Amino acid sequence: MNAIRTLTVAAVVAASFSTSAMALDTFRVGILGGENEADRLRNNQCLIDLLPSAIGVKEVKLFPAADYDGVIQGLLGGTLDYAELGASGYAAVHLKDENAVDPILTTQQTDGATGYHSLMLALVDSGIENIADMKGKHLGFADPNSTSGFLVPSVALPKELGMELDEYFSETSFNGGHENNVLAVLDGKIDAGVTWSSGVGEYSEGYTSGNVRKMVDKGLLDMEDVKEIWRSPLIPNGPIVVRSDLDADVRAKFKAFMMALPKSNPDCFSAIQGGSYNGFVEVDHSFYETIVAARKAKIGG
């Protein structure tokens, strides 16, 4: 593997480029962890092909992080121009530096919702039918900076169960992202794991979008093998964020490109989003205030 992909996004960019020199020449895209790197690079290749002419830059570079924190640190350091975050990841950036990035767009589900769900999955043959059956068992989380893969279930479950997670479950663990967390369920390493999904559409297809849909489409998951045993309340879809001091002309062209993408190039839109959506809608910080407050209370600034 190329050495540049084994480092964190922040380290790679900081070591290789000058932020001021690259502001207009190179547009730097941070890609969250949670899915294997080859798939992430392939799914975002269309941005390398389409964005330079669309926004007036010489080139686009992709920086896939090993985990969510790699992208968070790259945004905080000003060494990335754009990333698509979960709501908790955005909250992490905002709580550290409220002037680092601006949320500009989010996805809209096929039913018109601008939210998604955290789902808890267990093997069908495990004998676990619902959250009550998980008492005394091992629950897997995706990533500490994931909204659906940690923050929301860590806040919602204690309220629902009437006790803290370490009292209810025998063990909890982080398993290196959403894809790996589901694989840990399939491999019997954990009794159930949380991941993200639209929760809309056909269960057998992995719903319309989200990690389970991606895994079904890649042949990594057969929904007949797993049972949904818990679903969170609706979570705000994560934002597309841009560096706050990004050149105004590039920013405007980028936003216009993304808004048009579902119709101008539906294959690219589907590849980078992983599933079916209506398209993008505009958002600002106010859309994420509840998640920022939840993260501050649970994790801190």
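Modeller: Thr106 has Val281, a residue of strand E12, as its bridge partner. This is a predicted model, in which local features need pLDDT of at least 70 and side-chain atom pairs count only at pLDDT 80 or more, while totals for chains, interfaces and linings use all residues. Residues are numbered from 1 along each chain as its sequence is written, and side-chain values use heavy atoms, with hydrogens and water left out.

Strand E4 (residues 101-108) pairs with E12 in the antiparallel sense over 4 bridges. Two strands are said to pair if DSSP finds at least two bridges between them. Helices (H or I, at least four residues) and strands (E, at least two) are DSSP runs, numbered from the N terminus. In general, the strands of a sheet pair through backbone hydrogen bonds, either parallel or antiparallel.

A nonpolar core is a set of buried Ala, Val, Leu, Ile, Met, Phe, Trp, Tyr and Cys residues joined through side-chain atoms within 4.5 Å. Buried means under 20% relative accessible area, exposed over 50%, and partly exposed in between (1.4 Å probe, protein chains only). The largest nonpolar core has 31 residues, and Phe27, Phe254 and Met258 have the most contacts inside it. Two or more residues each come from strand E1 (26-31), helix H4 (45-55), E2, E4, strand E11 (239-243), H11 and H12. H11 gives the most, with 5 residues. A second, separate core of 23 residues includes Phe63, Ala65, Tyr288 and Ile291.

Contact means heavy atoms within 4.5 Å. Leaving aside residues up to four places away in sequence, Phe27 touches residues including Leu51, Ile55, Val60, Tyr82, Val250 and Phe254. In H4, the buried residues are Cys46, Leu47, Leu51, Pro52 and Ile55. Their cover includes E1, helix H3 (37-43), E2, strand E3 (82-84), H11 and H12. After H4 comes Gly56, whose phi is positive, near 80 degrees.

Helix H11 (residues 248-264) and helix H12 (residues 266-273) pack with their axes 6 Å apart, at an angle of about 115 degrees. Axes are lines fitted to C-alpha atoms, for helices over the stretch in contact, and angles run from 0 to 180 degrees between N-to-C directions. H11 and H12 are therefore roughly perpendicular to each other; angles under 35 degrees count as roughly parallel, over 145 as roughly antiparallel, 65 to 115 as roughly perpendicular and the rest as oblique. On the H11 side, Met258, Leu261, Pro262, Lys263 and Ser264 meet Pro266, Cys268, Phe269 and Ile272 of H12. By class, this contact has 7 nonpolar, 1 polar and 1 charged residues. Here Ala, Val, Leu, Ile, Met, Phe, Trp, Tyr, Cys and Pro count as nonpolar, Asp, Glu, Lys and Arg as charged, and the others, Gly among them, as polar.
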